[in-house]
Amino acid sequence: MTVGSSMSEEMEPESMSMRPLGAAAVPEPELLCIFGTGDLGRSLGLRLLQSGYRVVYGSRRPHSCGPLPEGAQVMSHETAAQSACLIFICVHREHYGFLETMAPHLKGKVLVDLSNNLKKGMYPEANAAYLQRLVPGAAVVKGLNTLSAWALQNGLLAGKQVYLCGDSAEAKRAVGEMATKLGLTVQDRGSLSAARELEDFPLRLFQEWRLPLGVAIGLIAFFFFYLLIRDVIYAAVEQDKNISYRIMISLANKVFPIVSLVMLSLCYLPGVIAAFLQLYRGTKYRRFPDWLDRWMLCRKQMGLVALGLAFLHAIYTFIIPIRYAVRHKLISTVVEEVQVNNKTTPFFFDNTEAWGTDSFYVLGILGFFLYVLLGLTSLPSVGGTLSWREFSFIQSKLGHLTLFICTAHGYIYGWNKFLRSSTYKWYTPPGYMLCLIVPSVVLVLKCLLLLPCVDRTLTRIRQGWERTQTQEDSVMTKGTNL
Amino acid sequence: MTVGSSMSEEMEPESMSMRPLGAAAVPEPELLCIFGTGDLGRSLGLRLLQSGYRVVYGSRRPHSCGPLPEGAQVMSHETAAQSACLIFICVHREHYGFLETMAPHLKGKVLVDLSNNLKKGMYPEANAAYLQRLVPGAAVVKGLNTLSAWALQNGLLAGKQVYLCGDSAEAKRAVGEMATKLGLTVQDRGSLSAARELEDFPLRLFQEWRLPLGVAIGLIAFFFFYLLIRDVIYAAVEQDKNISYRIMISLANKVFPIVSLVMLSLCYLPGVIAAFLQLYRGTKYRRFPDWLDRWMLCRKQMGLVALGLAFLHAIYTFIIPIRYAVRHKLISTVVEEVQVNNKTTPFFFDNTEAWGTDSFYVLGILGFFLYVLLGLTSLPSVGGTLSWREFSFIQSKLGHLTLFICTAHGYIYGWNKFLRSSTYKWYTPPGYMLCLIVPSVVLVLKCLLLLPCVDRTLTRIRQGWERTQTQEDSVMTKGTNL
Amino acid sequence: MTVGSSMSEEMEPESMSMRPLGAAAVPEPELLCIFGTGDLGRSLGLRLLQSGYRVVYGSRRPHSCGPLPEGAQVMSHETAAQSACLIFICVHREHYGFLETMAPHLKGKVLVDLSNNLKKGMYPEANAAYLQRLVPGAAVVKGLNTLSAWALQNGLLAGKQVYLCGDSAEAKRAVGEMATKLGLTVQDRGSLSAARELEDFPLRLFQEWRLPLGVAIGLIAFFFFYLLIRDVIYAAVEQDKNISYRIMISLANKVFPIVSLVMLSLCYLPGVIAAFLQLYRGTKYRRFPDWLDRWMLCRKQMGLVALGLAFLHAIYTFIIPIRYAVRHKLISTVVEEVQVNNKTTPFFFDNTEAWGTDSFYVLGILGFFLYVLLGLTSLPSVGGTLSWREFSFIQSKLGHLTLFICTAHGYIYGWNKFLRSSTYKWYTPPGYMLCLIVPSVVLVLKCLLLLPCVDRTLTRIRQGWERTQTQEDSVMTKGTNL
C-alpha cells in the first residue's frame with residue numbers, strides 16, 4: 001500500500017490531526033497504589049511514573065512522609081486503596097498488622113507483596129501467605145521482590161527476569177502486564193505456596209559460585225600442604241635448610257597454576273562425560289544424572305575461577321625477578337662463580353635449555369591470552385552479541401585449545417625433570433605431575449570423540465536419532481525434533 | 001482453563017484462522033512524519049520502520065534526497081505534514097525558518113524537536129521554544145535529543161533513558177508511547193521551559209568523572225612535586241648527585257600507588273561519614289548535606305580512577321628489572337663486591353628480609369586482584385546480573401577488604417624504615433606515610449561501625465526506626481517504610 | 001488532572017475494583033502452536049509462556065515427547081494446528097514431509113519457519129520456500145532463526161535484532177508483534193525470496209572479523225619472515241652464530257608490537273581518507289567507494305586485534321628478565337667484566353641512556369594503558385552508557401593520542417640506532433622503521449585536517465553544505481539535513 005492511498009483515508013486534517021491532542025481519544029493512564037514511602041516504595045513509584053502510570057501513595061502520615069517522586073499523590077491508606085485496583089505493599093512484614101484492620105477496603109484488590117526477610121526461616125509462614133491470611137478478600141500476588149530499590153532507581157530493568165506466584169490467575173496476569181511494561185521478563189512460578197521459595201531468592205549469595213569456589217579452595221588447600229611437605233618441610237628435615245620464605249611466593253606460584261589447570265579441565269570434563277553417556281545410551285532423550293547436571297551448570301563459574309587463578313599466577317611470575325631471594329641468588333651465583341670456581345671462560349650457553357624454557361614461557365603466555373579471551377566472551381554483554389555458532393566455537397574449540405596449550409605448558413615444565421630421582425622426594429610425585437592427570441584424561445577422551453565414526457554417531461544422536469527404536473518410530477521422532 | 005475448552009471456543013477454523021490474514025482485523029500501523037533526510041532523520045526512520053510504524057519523509061527536494069530506508073515514502077513538506085499527526089523535526093535550528101511559512105499546515109500537529117546545538121548558550125532561547133514561537137498552533141515536544149544517529153542505526157536503544165518536555169500533556173503522552181515502543185525508557189521533565197536543560201544534556205562530557213579526575217590530578221601533582229623535592233632535588237642539593245633519570249619511572253611508580261590508595265579510601269570515606277551522621281541524627285529521614293551527596297554519587301568513578309592508577313603501578317613494577325638503571329646497579333654491585341671488597345664467602349641471606357619483601361609483594365598482588373574484581377563488577381552488564389545482596393557484598397565487604405590489604409601493603413613497605421632518621425629528609429615524612437593517613441582513618445572508623453552495639457543501632461535506623469520519636473509515632477512510621 | 005478528580009470517575013468500588021479479577025474484562029491470552037518438541041521448540045515455548053501467551057505443542061507422539069515447559073499442552077499435530085492461528089515450525093527441514101499431508105488443516109494459518117541448515121547451499125531452494133510449496137494455502141514467514149535455543153532459555157533476548165521475511169504483510173505483522181512482545185527488535189527483510197539470505201545468517205562465523213584477522217595474519221607472516229632473515233639467518237650466515245632460540249620470544253616480541261602499531265594506524269587511516277575525499281568532492285552526499293565502506297565497518301575489530309597483539313607484547317616484555325638467555329647474558333657479562341677486563345672501577349652510568357630507555361618504557365606503558373581504555377569502551381555495555389560526544393571523544397581524540405604515543409614509543413626505540421650502519425643488515429631497514437611509516441602518515445594527515453581552515457571547511461561539509469551547488473539550492477539542502 002502506498003502512502004498516497006493511506007492519505008486518502010486519513011487526510012481530513014481537522015478531525016485527524018487533532019486526535020493526539022484530544023483528551024477523549026487518549027485514555028487516562030492506569031492508576032496504581034503503593035503502600036509505604038521507604039526507599040523501595042519511592043523507587044518503584046518513580047519507575048512506574050516513568051513507564052506512563054499514575055501513582056498514588058498510601059501513608060499513615062500523608063503530610064510528612066519525606067520526598068516522593070514528582071507527579072505522585074499521597075493520601076491515607078484507605079483513600080489510596082479505594083482509588084486503585086493494584087496495590088504494591090512496600091512495607092516490612094512486621095508492620096502488616098494495619099492491613100488486617102483495612103481488610104474491608106482491600107476486598108477484591110490485587111495486593112503485590114514485594115517484601116523480603118533479613119534471613120531464611122525467620123517466620124513459620126511466607127510473608128505473602130501471612131498477608132493473604134490477614135486480607136482473605138484480596139488476591140495476593142508475591143513477586144518483583146528480587147528487584148532492589150537501587151536497580152529500580154537506576155533503571156537497570158531491561159530484560160531482567162522476575163518471578164510471580166499467586167492463587168488468582170487474573171491477578172497474576174494484571175501484575176505480569178505491568179511488569180512487562182516496565183521492561184521486565186516475567187516468569188510464573190505457580191500458586192501462592194511458592195511464595196516462600198520466592199522470598200528466599202534475594203537471600204541467595206553466589207549460589208552458583210559455591211561449588212566452584214568450594215572445589216577451588218579444597219584443591220588449593222590440598223596442593224598447598226602437599227607442596228609444603230615436599231618442598232619446605234623436606235628441606236628442613238633432610239637438608240636442614242630453612243627455606244620457609246618460599247611459602248609466600250614460590251609455593252603460591254606453584255599452587256595457583258596447578259589448581260587453575262585442574263579447574264579448567266573440570267570445565268570440560270562434564271561435556272565429555274555427557275557425550276559418552278549419550279553414546280552409551282544411544283539417545284539424547286534421557287536426563288543426565290543430577291550430579292552431572294549440577295556440574296554442567298557451574299562450568300562457567302569454574303572457568304572464571306580458573307581464570308582468576310591463572311591471572312594470579314601471571315602476576316606472581318612477573319614479579320619474580322624483583323624478589324629479594326631471586327636477586328640474592330643471582331648475585332651470589334656470580335660472586336661464587338668468579339671467586340670460588342675462578343672461572344675465566346664465559347658460561348656455556350645451552351641452546352636446548354634456551355629453547356625449552358622459551359617454549360615453556362610462550363605456551364604459558366598463549367594459554368593465558370586464550371584464557372582471557374574466553375573470560376571476555378563470558379561477559380554478558382559480549383556473549384550477547386555473538387551468534388550461537390560463534391559462541392560455541394569460542395567456548396568449545398577455543399576452550400579445548402586453551403586446555404591443550406596449558407597442559408603442554410605443564411608438560412614442558414617437567415620435560416627434563418621427570419626422570420631424575422631427585423624429583424621424587426620421599427617417593428612422592430611432584431605437584432605438576434598430579435595436576436596433569438585430569439587435563440590429559442579430558443584431552444584424550446575429547447580426541448576419541450573427534451574420531452570421525454564416533455563424531456558422526458554423536459551428531460546423529462544430538463539431532464534426535466535413537467539407537468534402539470524401530471525404523472517407523474525413528475522417522476516419527478525425527479519429524480518432531482529440531 | 002484447559003486448552004481443550006479454549007478450543008471449543010476458537011475452533012471454527014474458517015472464521016478464526018483467517019483472522020490474522022484479514023486486513024480488517026489488523027489496523028494499519030500508525031504513520032509518522034520526519035522532516036529532514038540527514039543522518040539523524042534516516043536512522044530514526046529506519047528504527048521507526050523496524051518498530052512497525054509507517055514513515056513518510058518531508059523534504060524540499062523529494063526527488064534527490066539521497067538513500068532513505070526501504071519502505072519509507074518521500075514527499076514535499078506540506079504533503080508529508082498533512083498525512084501524519086506526529087512530526088519529527090530532524091533539521092538544524094538555523095533552518096527552522098521554512099516552518100514558519102508552513103505553520104497553517106502544522107496546526108494541531110505534534111512537533112518533536114530533536115535538535116541539539118554545537119555548544120552551550122549559542123542562542124538566547126531554546127531551540128524548542130523558538131520552534132513553538134514559529135508554529136504557535138502546534139504542540140512542540142522537546143525530546144529524544146540524547147539519541148545519536150549512531151545509536152539509532154545500531155539498535156542500541158533497549159532500556160536507554162530519554163527525556164521529554166512540553167506544554168501539552170497529550171502530545172507528550174503520544175511521543176512517550178512511541179518511545180516506549182522503540183524500547184526506550186521515558187522520563188517526563190515537565191513543561192517546555194525545561195527544553196534548554198534537555199538541549200544541554202548531549203553536550204555534557206564526562207560530568208560525573210570531573211570531580212574524581214580533578215581530585216586525582218590534584219593529588220598526583222601534589223605528590224609528584226613533594227617527592228621530586230624529597231628525592232631528586234634533595235639528592236642534587238645535599239649529595240650533589242644527579243638522579244633526575246628517576247623521574248620517569250621510580251617517581252611515577254611512587255606517585256601512582258600513593259594516589260590510588262588515597263582515592264580508594266576516598267571511595268569508602270563518605271559511606272562511613274554518612275553512617276556516623278545517621279547515628280548522630282538518630283534517623284535516616286533527613287537529607288545528607290549537598291557535598292556528601294555529590295561525593296557519594298561519584299564513588300564508582302573514584303574507584304575506577306583508583307583502579308586505573310593501580311593498573312599503571314602494576315605495569316611500572318613489572319618492568320622494573322629490565323630498566324637500564326636497575327641492571328646497571330645490579331652489575332656494578334656485583335663487580336664492586338668482587339673486586340673492591342674481595343669477598344670470598346657468599347652473601348648473607350637475610351630470612352627476615354625475604355619474608356618481609358615477599359609479604360609486601362603478595363599483599364600488593366592480592367590487593368590488585370581484588371581491585372580488578374571490584375572493577376569488573378562495576379561493568380554495567382556484570383553488575384546487572386548480580387542480586388542486590390551480592391552487589392553489596394562485593395562493593396562493601398570486598399571493597400573494605402581491598403582497602404585493608406592495600407593499606408597493609410603500604411604499612412609493610414615502611415616497616416623497617418619509619419624509625420631511621422635518614423627517612424625524614426629535610427624533616428619531611430616520606431610519601432607513603434602521608435598516603436596511609438586517610439585509609440587508616442577510614443578503616444578505624446569502619447571498625448567502630450562494626451562493633452555489635454553500633455551496628456545494631458545503625459541497622460535499626462536504616463530500617464526506619466527514629467530515636468527521638470514517641471512510641472506511637474514510631475509504630476506508624478515503621479508501618480510505612482521498607 | 002489531580003488524583004482526586006480521577007477518583008471521582010473511578011471510585012465505585014464494587015464495579016471497579018473487581019475488574020482485574022473478572023474473567024470477562026481480561027481476555028484470554030493468545031494461543032500459539034509449536035510443531036516440534038526438540039530443544040528449540042521447548043525453549044521457544046518456555047519464553048512464549050513467560051511472555052503471557054498460551055502454548056500448545058503439536059507432536060506425533062503426544063504422550064511420550066519428553067519434558068515440556070510447565071503450562072503447555074501437547075496434542076497431535078492436527079488438533080494443535082486447529083487451535084491456533086500462528087504455528088512455529090521447529091522441525092528439521094528433512095522432516096517437512098508430514099506437513100504436506102496436513103496442508104488442509106494449515107489453510108489460512110501463519111507458519112513461522114525457524115529452521116536452519118548445517119551448511120550453506122545444502123538444498124536448491126530455501127527451507128521456507130520449500131515449506132510454502134508444500135503448504136500453498138498457508139502464509140509462510142521466515143524468521144527468528146538467528147535465535148538459539150540457548151539464548152531463548154537464558155532470556156538473552158532484550159533488544160536483540162531478528163529478521164522476518166514473507167509474502168503476506170499481515171502474517172509478518174502478526175509475527176512481528178509477537179516478537180516485539182518477546183523484547184526483540186524486528187527488521188522486515190521483504191518477501192519470501194529473502195529467506196535464503198536469512199537462512200545463511202546463523203552460519204556466519206565472525207564475518208566482520210575476517211578482514212582484520214586476515215590483515216593481521218598477513219602482516220605477522222611478513223614481518224616474521226623479514227625479521228627471521230635479518231636477525232637469525234643473517235647471524236647464521238655472516239657471523240656463523242646460532243641464535244635460533246631467539247625465534248620463540250625475542251622475534252615474536254618484535255613482530256607483535258610492529259603489527260599492533262600498523263593495525264592501530266589502519267584503524268584511523270580510513271577516517272582520514274574519508275575526510276580528504278569529502279574535502280575533495282566538496283559534499284558528504286556521495287557514497288564512499290565500496291572498499292572504503294568495508295574498511296570503515298571493521299575498524300572496531302581492527303582495533304581489538306591490535307589490542308590483543310599489544311597485550312601479548314606487554315606480557316612478552318614482562319617475562320624478559322626471567323628468561324634463561326637473558327639471565328645467562330647478564331651473568332656472563334659480569335663474569336667477563338670482572339675476569340677478562342679485570343675492571344676495578346664501577347661501570348660508567350650513562351644518564352642519557354637511562355633517560356632514553358625509561359622514556360621508551362613510559363611511552364609504552366601509557367600507550368598500553370590508553371589501548372586498554374579504548375578496548376574497554378568498545379565493550380557493548382560500557383559503550384552503551386556513553387553519550388555520543390563522550391564516545392566520539394574517546395574513540396577519536398583518545399584514539400589518535402594512543403596512536404601518537406605508540407608511534408613515539410617506536411621512534412624512541414630507534415633514536416640512537418637509525419644512523420648506525422650496523423642497523424642496515426644486508427641493506428634492509430629494521431622492522432621498527434617499516435612499521436613507523438603508516439602511523440606517521442596517518443598522524444601527518446590528521447594534523448593537516450586539524451588546521452583551522454581545513455577543519456572549518458570539513459565541519460561545514462559534514463553539516464550538509466555543498467561546495468558546487470548554487471546559492472538557492474544550498475539553502476534548500478541545508479534546510480533538510482541535520
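Student: Are Lys142(A) and Glu199(A) buried or exposed?
Tutor: Lys142(A) and Glu199(A) are both buried. Buried stands for under 20% relative accessible area, exposed for over 50%, and partly exposed for what lies in between (1.4 Å probe, protein chains only). The model is predicted, so local features need pLDDT of at least 70 and side-chain atom pairs count only at pLDDT 80 or more, while totals for chains, interfaces and linings use all residues. Residues are numbered from 1 along each chain as its sequence is written, chains are lettered from A and ligands numbered from 1 in the order in which they are written, and side-chain values use heavy atoms, with hydrogens and water left out.

Student: What do the side chains of Lys142(A) and Glu199(A) form?
Tutor: They meet in a salt bridge, at 2.9 Å from N to O. That term requires a side-chain nitrogen of Lys or Arg within 4 Å of a carboxyl oxygen of Asp or Glu.

Student: Where do Lys142(A) and Glu199(A) lie?
Tutor: Lys142(A) is in strand S6 (residues 139-143) of chain A and Glu199(A) is in helix H9 (residues 195-200) of chain A, so the pair ties together parts 57 residues apart in sequence. Helices (H or I, at least four residues) and strands (E, at least two) are DSSP runs, numbered from the N terminus.

Student: Which residues are linked with them in a network of salt bridges?
Tutor: The network links Asp113(A), Lys142(A) and Glu199(A).

Student: New topic: where is Asp188(B)?
Tutor: Asp188(B) is in strand S8 (residues 185-188) of chain B. Asp188(B) counts as partly exposed because its relative accessible area is 47%.

Student: Which residues is Asp188(B) in contact with?
Tutor: Leaving aside neighbours within four places in sequence, Asp188(B) is in contact (heavy atoms within 4.5 Å) with Leu164(B) and Lys172(B).
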